[in-house]
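Biologist: I would like to learn how to read helix packing and aromatic pairs in a model, one step at a time.

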Amino acid sequence: SFVTEYPEHQYTSNARYWLASAQLSQGKLQLASSNLHHVVDDINSQERAPAALALLAKVYQQQQLYNEADEILEQLRIHYPDSSEAQQIMQNAEPQQPL
């Protein structure tokens, strides 16, 4: 109800992110996706956008929408290359050196 009652509040994007996280764990993938898109599109929530993109990619992967997940991860790498989320993705994508 917070996001409905206070759509312009400074914490609305944060609330949407955590709501989406809860929805994801409940299997409400469409609702989670919608809330994450709101976070990514909100110009005032750019500090939360990298985490929202990473979680959105996870939603798409759970829906077996692998091309969409890859596109979202590419957006994350391009727009937020210094974020911890992008760094983790790039680290996981690097080939592992044999021991």
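Modeller: We shall look at a pair of helices and then at the aromatic rings. This is a predicted model, in which local features need pLDDT of at least 70 and side-chain atom pairs count only at pLDDT 80 or more, while totals for chains, interfaces and linings use all residues. Residues are numbered from 1 along each chain as its sequence is written, and side-chain values use heavy atoms, with hydrogens and water left out.

Biologist: At what angle do helix H2 and helix H3 pack?

Modeller: Axes are lines fitted to C-alpha atoms, for helices over the stretch in contact, and angles run from 0 to 180 degrees between N-to-C directions. Helices are DSSP runs (H or I, at least four residues), numbered from the N terminus. Here H2 (residues 12–25) and H3 (residues 29–41) pack at about 160°, with axes 8 Å apart, and they are therefore roughly antiparallel (angles over 145 degrees).

Biologist: How are pairs of aromatic rings described?

Modeller: A pair is described by the distance of the ring centres and the angle of the planes. Rings of Phe, Tyr and Trp (its six-membered ring) pair if their centres lie within 6.5 Å, and planes under 30 degrees apart count as stacked, over 60 as edge-to-face and the rest as tilted. The whole structure holds two aromatic pairs. The centres of Phe-2 and Tyr-6 are 5.4 Å apart with planes at 40°, so this pair is tilted, whereas Tyr-17 and Trp-18, with centres 5.0 Å apart and planes at 85°, are edge-to-face.

Methods. Helices (H or I, at least four residues) and strands (E, at least two) are DSSP runs, numbered from the N terminus. Angles under 35 degrees count as roughly parallel, over 145 as roughly antiparallel, 65 to 115 as roughly perpendicular and the rest as oblique.
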